[in-house]
Amino acid sequence: MFRFCGAVAAGVFAALFGPMTAFSAEPVGQATLIRTEVSGETGPLVVRSPVHRDERIKTSSSGLGQFIFKDGTKLAVGAGSTVVIDKFVYDDSASVKRLSIKAAKGTFRWISGNSASSAYSIVTPAGTIGVRGTAFDFYVGPNGTTAIVLLSGAASFCGPGGCRQLRQQCDCVVATRGGRMTDPSKVDRRTLQTLSNPRALPFLSGDQQLSGVLGGIRTSCGLASLRQDHQDRPQPQRQQQPTPQAPAPAPPPPAPQPTPQAPQAPQAPEPQQQPPDTPDPPDEPDKPDHHHHHHHDRDHHGRDHHDRDHRGHGGDDRDRDRGGRYGGGGRSGNY
């Protein structure tokens, strides 16, 4: 009974504290720079956070971590990367017998420390990088394709297709998981095209900036100019889709035209009133005649003369009638 309880307690303890005991050993290195987000087995890492053997280190899509190991080896882990500290065997206080890391994916920069070159190895899906007292950048793509660019010293890359030696600064080898491998040649634009990633080597192109010794390597192998060209190159403008517009309102119906009317007959001009005739000035009367004094008086008064003219001889006949009626018997009538 006691054995059973003891076994159960031991199992629970191992389940709860097993991972912690794995990292309770002396650390093999520490973080010297953390940008954005970098995490280890126990959570997010900060500057001076220790790292341990078998610990998996991951960075976010914009993360960056710089680490230093006990023997002075320096490792930069770029954005979107995953690496495991696989083996770490001490030799003495200043060196190691074995330091091996497994790079699963991402971008890295390595600078060897104080240990012998044979103590270092970097394992990738496409093969193993052998260090010869060296500094180099390397990239592991999502499909396992690996590229290494020598910065100083010498290095080798060995895979199913054999080994390649990198001896000149900026020499590059690209290898695939299936064993295909290029000969060493200077890294350039075509290398990034082969990797199908213009940011596969961000520490050379300048897409990510390192500090300290890791950032002190001045060469960019010509990739920094590619980044500048990319920035200066005008970006193709997206064709803007025309904004749908409301249909234009129908034009108002034309105003009714007035019905043409038949032309009116011209009206006869009103007769102009004739100004009244100006009476003729009266005739200048004749000079008075002593024998016709009585006639002149009648002409002067006008009316008597005018009446007699209009009565004519009729007046004389009436006078004669009166004469005959009253004066037929002569002057002897009755009074």
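**Close-up 1. The left-handed disulfide of Cys170 and Cys221 in a predicted model.** The torsion about the S-S bond of Cys170 and Cys221 is about -85 degrees, so this disulfide is left-handed. Cys170 sits in the loop between strand S13 (162–166) and strand S14 (171–175), and Cys221 in the loop between helix H3 (202–205) and helix H4 (223–232), so the bond ties together parts 51 residues apart in sequence. Helices (H or I, at least four residues) and strands (E, at least two) are DSSP runs, numbered from the N terminus. The S to S distance is 2.1 Å; a disulfide is a pair of cysteine sulfur atoms within 2.5 Å. Cys170 is buried at 3% relative accessible area, and Cys221 is buried at 6%. Buried means under 20% relative accessible area, exposed over 50%, partly exposed in between (1.4 Å probe, protein chains only).

**Close-up 2. The right-handed disulfide of Cys158 and Cys163.** The sulfur atoms of Cys158 and Cys163 are 2.0 Å apart. Their S-S torsion is about 115 degrees, so the disulfide is right-handed. Cys158 is partly exposed, at 28%. Cys163 is partly exposed too, at 43%.

**Close-up 3. Cys172, with its sulfur too far from Cys221 for a bond.** The closest cysteine sulfur to that of Cys172 belongs to Cys221, 9.1 Å away. Cys172 is buried, with 3% relative accessibility.

**Close-up 4. The disulfide pattern of the protein.** There are two disulfides. Counting bonded cysteines along the chain, the pattern is 1-2, 3-4.

Residues are numbered from 1 along each chain as its sequence is written, and side-chain values use heavy atoms, without hydrogens and water. In this predicted model, local features need pLDDT of at least 70 and side-chain atom pairs count only at pLDDT 80 or more, while totals for chains, interfaces and linings use all residues.
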